[in-house]
Amino acid sequence: METRLENEDLRIPDVLPLLPVRDVVVYPYMILPLFVGREISIAAVDHALSKDRLIFLATQRDVSDEDPAPDAIYTVGTVAMIMRMLKLPDGRVKILVQGLSKGRITEFEKLKPFYSVHIERIAEPSVPEGSLETEALMRTVKEQLNKIVSLGKAISPEVMVIVENMQEPGSLADLIASNIGLKVEDAQRLLEIIDPLERLKRVNELLNKENELLTMQARIQSAAKEEMGRSQREYFLREQLRAIQQELGETDARAEEMAELRKAIESAKMPPTVEKEALKQLGRLEQMHPEAAESGMLRTYLDWLVELPWSKSTKDVLDIGRAREILDEDHYYLEKIKERILEFLAVRKLKKKMKGPILCFVGPPGVGKTSLGKSIARAMGRKFVRISLGGVRDEAEIRGHRRTYVGAMPGRIIQGLKQAGSNNPVFMLDEIDKIGADFRGDPSSALLEVLDPEQNHAFSDHYINLPFNLANVMFIATANQIDTVPGPLQDRMEVIQLAGYTEEEKLQIARRYLVPRQVKENGISEEILAISDEALKTVIGKYTREAGLRNLEREIGTICRKVARRVAEGEKKQFMVNTVAVAKYLGPPKFLREGEMEKNEVGVVTGLAWTPVGGEILYIEATVMPGKGGLTLTGHLGEVMKESVQAAFSYIRSRAAELGLAEDFLSNLDIHVHVPAGAIPKDGPSAGITMATALVSALTKIPVRKDVAMTGEITLRGKVLPIGGLKEKMLAAIRAGVTTIIIPEQNRKDLEEIPRHILKKVKVIPAKDIDDVLTVALEKFPPPPGMPKTPPKATPRRVVVTPRKGVVAGAKG
């Protein structure tokens, strides 16, 4: 079946070759060139040229589809005539086509070697002539087209002439649609509208939308051009003014200063809000008289804004192996902290943007908290900043002063960042447990914002009064004891405990770090001075008693200075320092080991205490004497420690029969409990089992083993409750030569945190109740049958104990 075009002698066959086209919709009477490159499309063109030059053009749905299936092609398209054809050198074909009539694909006849389709011609409905609605609509469309052309839409004058002379609404709609650059989807929907008036109405809507877009675009361009013109005008005026001043020899130094400051602000790469405020304050400064009081304050403020590292940062070294080498090179052991830093670097390597950790190193003085912060900064390739918070009482030290005050300055945080020159340093807050508070505010409360990852991305210093991002800063706080740090501040930090060092660890640290450093600082070399390991052990055991290393380094420095003096006096030899020579350089030993008693004694028990400077041993002495049942407590004991004695005493009275004591054993004797040294305050609940053991031993006359030390809280029912500071206490016991330590059963889990080389030195016995303690601590328990119900008269006994410098607290519960 064939269709004959109206007013033409051209017949359209029922079956035509199909040419799928991309990113264009062909309308009737539209003439356009097409580039054909696909084999299936070239075959369709060749077939059309061999017949009647007619081909069906339909748009494919996906532009990127190289081999569209039948269902990926729109069914409504245009029958077109191939007017010209040109073969290109690259194998493609260029054709010039003219649309003739709309059509619809009803069936795909074949798919190879090209698409051949059955089509149904879509006839254009007739429009009543002389209709007022039609005439008004056509005029409106033409006016809209003229508007968008006047607004800059590129449409050729020839098309505009044709549009003005066109009288058919359908043809007018197709012509305008093919020249205003519609999207493929909009153009296809327009092609599928059969009714000419409906199609023209849709074109009118699209023209109206295009008109609004072009109007908005023109307004934006006009505003941008006006702003650009004003900026250029100001620039030219300033340049002319500068040229005039130079010609007259009246160069204004202040103007040059302001220009340099403006340039510095623009090159500081501040956030937009900060730069806007800086330029605003610069404008105020330019209008002020140089001698005005506020002028100097504003200039100082702008200098601070310019010098802060708003966008300057150092690049993290993410080589985990290299970081491990640096940490091991600077510090011996401390595995837990090293693992935490390496974990941070590993996450940082996998995730580029992350919040900096907030760590808190808690431990006695001299264990390496501050130096560890420097080592972390070196391992990460970051700058290092340290501020000491000890004794800080003014909130303005953290947040800064308001600019209205005379001599106002930013807080220590902003000052540290300026000093570092980068916005991601390792920032150490030293001695955070020694912050004070008074009428000027509470600095620890101001630190809550600094150390909160959810808030510190917009930290506002009172002086700067603009948000500064602290999220990239790695904060490390240090403290000797965590108890004095407020709870909310503790909650924001990841607390890592650093206990003291064993004798072997101190020996390794002295050999690797302290001796080489002191030799270098005192101007001698290792060829001149050699210190044996036995000599270092003597210094550690008899000249220092500390959890850290400061006194040890001090004593090594003393040896180096004495050797340096002899070298400076002309002695030329190698100085060998052995155990015997230590006393020659340092004098008699300062400390004697208290734990080495000659024999097991009655009523004397070795206890373990925690102090802010490390663990300590202390002796609990109990003795009985004729009296009337009194209990005397001496040794500067705190309330909690006194209550521990009362609880232990009540427990013993409740079990008097089982311990071989008469029911009225208190009627003719007094008990005295003493804890040397008496001048040092002691407190804490963890001496409970030590008190109970001393009392039982004194009352039953059973000696206590000299090689046993203990720690634990006691209840009235004889249960042993857990304590804190276990590692520090164990290190103190090892330093005192103790071989057996009794701990609460509930502290057994804490042994996982104790290094194996420490556990190998002592025998640790967990105890659930006081019977477990007495079984281990006493020479024989329970007491043998037949023990006298009433103990004989006891003679008070005095035990001489060397006072220990620095023991501040007894036990930490």
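**Helix 15**

I started with what covers the buried residues of helix 15: helix 13 (396-399), helix 14 (412-420), strand 11, strand 12 (459-460), strand 14 (474-479) and helix 16 (487-491) are included. Contact here means heavy atoms within 4.5 Å. Helices (H or I, at least four residues) and strands (E, at least two) are DSSP runs, numbered from the N terminus. Helix 15 spans residues 443-450 and is mostly covered, with 6 of its 8 residues buried. I noted these as Pro443, Ser444, Ala446, Leu447, Glu449 and Val450. Buried is under 20% relative accessible area, exposed is over 50%, and partly exposed lies in between (1.4 Å probe, protein chains only).

I kept in mind that this is a predicted model, where local features need pLDDT of at least 70, side-chain atom pairs count only at pLDDT 80 or more, and totals for chains, interfaces and linings use all residues. Residues are numbered from 1 along each chain as its sequence is written, and side-chain values use heavy atoms, with hydrogens and water left out.

Two strands pair if DSSP finds at least two bridges between them.

I then followed strand 10. It pairs with strand 11 (residues 426-430) in the parallel sense over 5 bridges. Arginine 386 has methionine 428 as its bridge partner in strand 11. Valine 385 stands opposite phenylalanine 427. Which residues of strand 10 are on its covered face? Val385 and Ile387 are; Phe384, Arg386 and Ser388 make up the uncovered face. Side chains in a regular strand alternate between the two faces of the sheet.

**Helices 7 and 8**

I checked how helix 7 (residues 253-267) packs with helix 8 (residues 272-287): the angle is about 175° and the axes are 10 Å apart. Axes are lines fitted to C-alpha atoms, for helices over the stretch in contact, and angles run from 0 to 180 degrees between N-to-C directions. The two helices are therefore roughly antiparallel, a label for angles over 145 degrees. Helix 7 makes the contact through Arg254, Met258, Leu261, Arg262, Ile265 and Glu266, and helix 8 through Glu275, Ala278, Leu279, Leu282, Leu285 and Glu286.

**Rings**

I found 4 aromatic pairs in the structure. Rings of Phe, Tyr and Trp (its six-membered ring) pair if their centres lie within 6.5 Å; planes under 30 degrees apart are stacked, over 60 edge-to-face, the rest tilted. One of the pairs, phenylalanine 108 with tyrosine 115, is edge-to-face at 5.6 Å centre to centre and 85° between the planes. Phenylalanine 108 is partly exposed at 24% relative accessibility, and tyrosine 115 is buried at 7%.

Tryptophan 310 and phenylalanine 468 have ring centres 5.0 Å apart and planes at 45°, so I logged the pair as tilted. Tryptophan 310 is in the loop between helix 9 (293-307) and helix 10 (320-330) and phenylalanine 468 in strand 13 (residues 467-468), so the pair ties together parts 158 residues apart in sequence. Tryptophan 310 and phenylalanine 468 are both buried.

Notes: Parallel < 35°, antiparallel > 145°, perpendicular 65-115°, else oblique.
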